[in-house]
Amino acid sequence: MPNDMTGIIKKIKKGAAILLAASVLLSLAVSCDTGSKTDVPDATKILSSQAEESLKAFLARFVKGYPVAVNGKWEYDCTAPSENGINVLACIVTPASCVDWTLYSDISEEDCFIEKTDDPRGWANDTHAYYRYDAATVELIAREIFNLSKDDISKLTERGENEFVFYKDNGSYFTLCEDIYDSYYDVTLLSVGYDGERYYVEFDADKLQKTDNDNEFIHITGKCRAELAPKTVDGREYWSLYRFKAL
């Protein structure tokens, strides 16, 4: 952990280091259903070291980019993606994304940044820059990685537009350019269970999050649980998240 955690405010950097690509032993696609299991066999010996590292990288990026809701809840459920007020789609179409964009697209994160004011709806007239994300890739991530239905994606897109967070136009999602602040995050796996379809992971999350006050950060740490499954999409293997909750 950095020695001076209050001094890590930085401007957004074009580009990002590519996290370890997801590589897992099993590949299957499962539906987003209800229920959650915790009484499952330990899977420590099932996961390869590479799969374990990719799991930690996925969870670390998620806890960095997925915020705590204003009601204090830090959770995600694919069966009710807006239940706690967080728009997970908004957490994808941003340079502070909750996923590593480079795992799912050949378009670099740097190329998503446009230093112009010519976005279709003129939102960037004051900021003079914006980010443009390929809609097909965004919706692949929403559908396959976060298990959102087509209706979920439509509703969250409409909500993002109404709240002036992002909008979809002509095959792209557009997000205004704004200052992004680096945050520290880390994940320590505590236990991994497997029921033959999904993994049930308990881990310690260590995160430094910026508050609404530009000069303040809050340190969030504690035990979390995630329900995931490996999924193969277009011949490539990824972690797919069904539920997450701070315990």
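Me: Which residues lie nearest the centre of the second largest pocket?

Reply: A pocket is an open set of points on a 1 Å grid over the protein atoms alone, with protein on both sides within 12 Å along at least five of seven lines, and lining residues have an atom within 4 Å of a point. Here 16 residues line the second largest pocket, and Glu75, Tyr76, Arg243, Phe244 and Lys245 lie nearest its centre. This is a predicted model, in which local features need pLDDT of at least 70 and side-chain atom pairs count only at pLDDT 80 or more, while totals for chains, interfaces and linings use all residues. Residues are numbered from 1 along each chain as its sequence is written, and side-chain values use heavy atoms, leaving out hydrogens and water.

Me: How many residues does the largest nonpolar core have, and which touch the most other members?

Reply: In soluble globular proteins, nonpolar side chains tend to be buried together. A nonpolar core is a set of buried Ala, Val, Leu, Ile, Met, Phe, Trp, Tyr and Cys residues joined through side-chain atoms within 4.5 Å, where buried means under 20% relative accessible area with a 1.4 Å probe, protein chains only. The largest has 62 residues, and Leu59, Tyr76, Phe146 and Phe203 touch the most other members. Apart from it lies another core of seven residues, including Ile114 and Trp123.

Me: How many disulfides are there?

Reply: A disulfide is a pair of cysteine sulfur atoms within 2.5 Å, and the whole structure has zero. Cys112 is buried at 1% relative accessible area, and Cys177 also counts as buried, at 18%.

Definitions and conventions
Buried means under 20% relative accessible area, exposed over 50%, partly exposed in between (1.4 Å probe, protein chains only). On a 1 Å grid over the protein atoms alone, a cavity is a set of points where a 1.4 Å probe fits but cannot get out, and a pocket is an open set with protein on both sides within 12 Å along at least five of seven lines; lining residues have an atom within 4 Å of a point.
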